[in-house]
Structures are given as structure tokens and as C-alpha cells.
Amino acid sequence: MSNTTATSRRFGLTLGPALLGIGALLWWRAQHRSALAVVVAGAVLLLCAVLAPRVLAPVERAWMALGHAMGRIMTPLVFSVLWWAAFVPIGICRRTLSRSPLARRADAPTYWVPRPPVAPELARAAMERQF
């Protein structure tokens with residue numbers, strides 16, 4: 001079995017039952033025409049996956065191309081919404097309610113943080129296994 005056949009079979013065996021489930025949900029919600037169309041599509045995908053998976057190769061390629069196109073549109077959109085919903089309000093609150101963590105005193109002679117001296121043996125031992 002070639003890689004294309006295995007991929008097409010997996011595509012049909014994944015999407016077919018998913019469409020059957022969506023069709024059952026639509027039938028339960030009393031949308032019988034839509035349910036029938038979705039169930040027929042799911043059954044055809046499932047039968048093709050079992051009997052003739054090579055037939056599904058162009059369908060899978062088209063499905064994946066659609067998925068990539070949607071990803072190129074949706075990813076920037078979703079991340080922009082996340083940025084504006086999460087980071088921007090936090091930044092505004094930080095700027096209005098507290099001082100900037102990067103702000104330094106202009107009259108400070110140095111920004112060095114003094115540390116207590118460490119014995120050379122302890123320093124060497126601490127550097128041997130850093131992680």
C-alpha cells in the first residue's frame with residue numbers, strides 16, 4: 001500500500017464518521033434535508049476509504065488546500081484578537097497604575113546590583129552542572 005493510499009484511507013476514515021456524527025446531530029435538530037446531505041457525504045467517504053482509497057486522493061488534496069488557505073487567513077486574525085484582548089489591556093493597566101520596570105534613575109552612578117563574594121570552589125562547583 002502506497003503512502004498516498006494510506007493517507008487517503010486515513011482521511012476517509014476520519015472525515016466520514018465525523019460527517020455521520022454531524023448528520024446525526026442535524027437530524028436530531030430536525031434539519032432533515034441538511035442531515036441527509038451530510039450523512040450521504042459521510043457514507044460515501046467511509047465507503048471509498050474502505051473500498052477504493054485512491055479515489056479520495058484528489059478530494060483530500062482539495063480539502064488540505066482549503067485548510068491551508070483558511071489557516072493563512074485565520075491565524076493572523078485569531079492572534080490579533082488575542083493580542084488586543086489580552087496584552088493591550090494589561091499594558092495599559094501597567095502603564096497607568098505602576099511605573100515602568102525598565103525606568104531607571106538618571107542620577108544613579110551605576111545600575112550594577114552588588115552580590116556577596118563566593119568562594120572559588122563553590123563557584124566552580126555551581127558552574128559544572130548548570131542544568
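**Packing of α1 against α3 in a predicted model**

Colleague: Which residues of α1 and α3 meet in this predicted model?

Modeller: The model is a predicted one. On the α1 side the contact is made by T4, T7, S8, F11 and L15. By class, the contact of α1 with α3 has five nonpolar, three polar and one charged residues. The α3 residues that these α1 residues meet are A57, V59, E60 and W63.

Colleague: How are the axes of α1 and α3 oriented, roughly parallel or roughly perpendicular?

Modeller: Helix α1 covers residues 3-28 and helix α3 covers residues 57-97; they pack with their axes 9 Å apart, at an angle of about 70°. Angles of 65 to 115 degrees count as roughly perpendicular. Therefore α1 is, relative to α3, roughly perpendicular.

Colleague: What is the handedness of the crossing of α1 and α3?

Modeller: The two helices cross at about 70°. Their crossing is left-handed.

Colleague: Is S8 buried or exposed?

Modeller: S8 lies in helix α1. Beyond its neighbours within four places in sequence, S8 contacts P53, L56, A57 and E60. Buried means under 20% relative accessible area. The relative accessible area of S8 is 0%, so S8 is buried.

Colleague: Which residues make up the largest nonpolar core?

Modeller: Helices α1 and α2 (32-51) each supply at least two residues of this core. One of the core residues is F11, and F11 also touches G16, L45, V59, E60 and W63, residues up to four places away in sequence not being counted. The core has nine residues in all: F11, L15, L19, L26, A35, V38, L45, A49 and L56.

Methods:
Residues are numbered from 1 along each chain as its sequence is written. This is a predicted model: local features need pLDDT of at least 70, side-chain atom pairs count only at pLDDT 80 or more; totals for chains, interfaces and linings use all residues. Side-chain values use heavy atoms; hydrogens and water are left out. Axes are lines fitted to C-alpha atoms, for helices over the stretch in contact, and angles run from 0 to 180 degrees between N-to-C directions. Helices (H or I, at least four residues) and strands (E, at least two) are DSSP runs, numbered from the N terminus. Angles under 35 degrees count as roughly parallel, over 145 as roughly antiparallel, 65 to 115 as roughly perpendicular and the rest as oblique. A crossing is left-handed if the near helix is turned anticlockwise from the far one by less than a right angle, and right-handed if clockwise. Contact means heavy atoms within 4.5 Å. Ala, Val, Leu, Ile, Met, Phe, Trp, Tyr, Cys and Pro count as nonpolar, Asp, Glu, Lys and Arg as charged, and the others, Gly among them, as polar. Buried means under 20% relative accessible area, exposed over 50%, partly exposed in between (1.4 Å probe, protein chains only). A nonpolar core is a set of buried Ala, Val, Leu, Ile, Met, Phe, Trp, Tyr and Cys residues joined through side-chain atoms within 4.5 Å.
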